[in-house]
Amino acid sequence: MKKTEKKVEFKSPKSTDENPRLPVIFAPWRNSYIKRDQSLKGCVFCDGLKKGVSFESLIVYSAKTCSIFLNKFPYNNGHLLVIPHRHTPDLASLNKEEFNELHEVLLKAHSAIIKSHNPQGINIGLNLGRAAGAGIIDHLHYHLVPRWSGDTNFMPIIGGTKVISEELEQTYNKLLPLLV
Ligand SMILES: [Zn+2]
């Protein structure tokens with residue numbers, strides 16, 4: 001290193017009462033996943049679905065309208081994806097059968113991951129849109145991420161984002177009359 005160059009050290013911020021920032025998860029394999037996805041024509045999920053249940057497709061279970069995939073580039077051991085067969089980014093576009101079965105299969109995946117991995121917790125979530133942290137934005141997929149104490153917090157894993165807690169009550173009060 002030249003004397004003029006500054007050595008830059010990366011330190012993950014620690015979450016404390018004084019410093020509420022959440023720890024950042026370092027997941028470099030995600031970059032190649034997302035770049036690869038964007039460089040391919042078509043959809044990796046639709047391509048996988050054509051192959052059916054197999055290790056090659058990473059589909060571990062298929063129902064009539066949705067399937068359970070292993071995430072090829074997991075955030076944690078046992079990271080599953082539950083994916084409707086229909087190529088859509090829009091949760092509201094699912095018909096009743098698709099929607100109901102998606103959630104039945106989500107429960108099935110949940111039960112299976114408890115048995116197979118005995119996690120201390122599980123995060124279940126959808127990332128809708130790039131701004132919400134979705135790597136593949138055009139095809140809906142639920143994440144199930146088994147969790148163990150001390151790995152890291154939920155929101156940086158699922159959304160690559162942080163919750164702004166003071167806004168939650170306002171948001172709640174706006175939503176309440178809309179959900180009757
Ligand atoms: Zn698709």
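User: What share of the contacts in the chain with a separation of 6 or more is accounted for by residues 24 or more positions apart?

Analyst: The structure shown is a predicted model, and its chain has five helices and five strands, which follow one another along the sequence in the pattern α-α-β-β-β-α-β-β-α-α. Among the contacts with a separation of 6 or more, the part that comes from residues 24 or more positions apart is 57%.

User: Which residue of strand S5 is the bridge partner of Leu80?

Analyst: Strand S3 (80–84) is joined to S5 by three bridges, and these two strands run antiparallel. S3 also pairs with S2 in the antiparallel sense, over five bridges, and there Phe69 has Leu81 as its bridge partner in S3. On the S5 side, the bridge partner of Leu80 is Leu144.

User: How many of the five residues of S3 are buried?

Analyst: In a regular strand the side chains alternate between the two faces of the sheet. Leu80, Val82 and Pro84 point one way from S3, whereas Leu81 and Ile83 point the other way, and all are buried. S3 is therefore largely enclosed by the rest of the structure, and the number of its residues that are buried is five of the five.

User: How far apart are the end C-alpha atoms of helix H3?

Analyst: Helix H3 (96–117) has 22 residues, and at 1.5 Å a residue it should span 32 Å.

User: Within what arc do the buried residues of H3 fall, seen down its axis?

Analyst: An α-helix has 3.6 residues a turn, so residues three or four places apart point the same way. In H3 the buried residues are Glu101, Leu102, Val105, Ala109 and Ile113. Seen down the axis of H3, these buried residues line one face of the helix, because they fall within an arc of 115°.

User: Which strands do the buried residues of H3 pack against?

Analyst: The other side of H3 has Lys96, Asn100, Leu107, Ser111 and Lys115, which are exposed. The buried residues of H3, by contrast, pack against strands S2, S3, S4 and S5.

User: Is Leu58 buried, partly exposed or exposed?

Analyst: Leu58 lies in the loop between helix H2 (44–51) and strand S1 (59–62), and its phi is also positive, near 65°. A residue is buried with 20 or more C-beta neighbours and exposed with 12 or fewer. Leu58 has 18 C-beta neighbours inside 10 Å, so it counts as partly exposed.

User: Which residue is 40 residues from Gly129 in sequence and 7.9 Å from it in space, C-alpha to C-alpha?

Analyst: Gly129 lies in the loop between S4 (121–126) and S5 (142–147), and it is exposed because 9 other C-beta atoms are within 10 Å. Leaving aside its neighbours within four places in sequence, Gly129 is in contact with Ala134 and Ile137. The residue that is 40 residues away in sequence and 7.9 Å away in space, C-alpha to C-alpha, is Pro89.

How values were computed: Residues are numbered from 1 along each chain as its sequence is written. This is a predicted model: local features need pLDDT of at least 70, side-chain atom pairs count only at pLDDT 80 or more; totals for chains, interfaces and linings use all residues. Helices (H or I, at least four residues) and strands (E, at least two) are DSSP runs, numbered from the N terminus. Two residues are in contact if their C-beta atoms, placed from the backbone, lie within 7 Å. The expected span of a helix is 1.5 Å times one less than its number of residues. The arc is that of the directions from the helix axis to the C-beta atoms. Two strands pair if DSSP finds at least two bridges between them.
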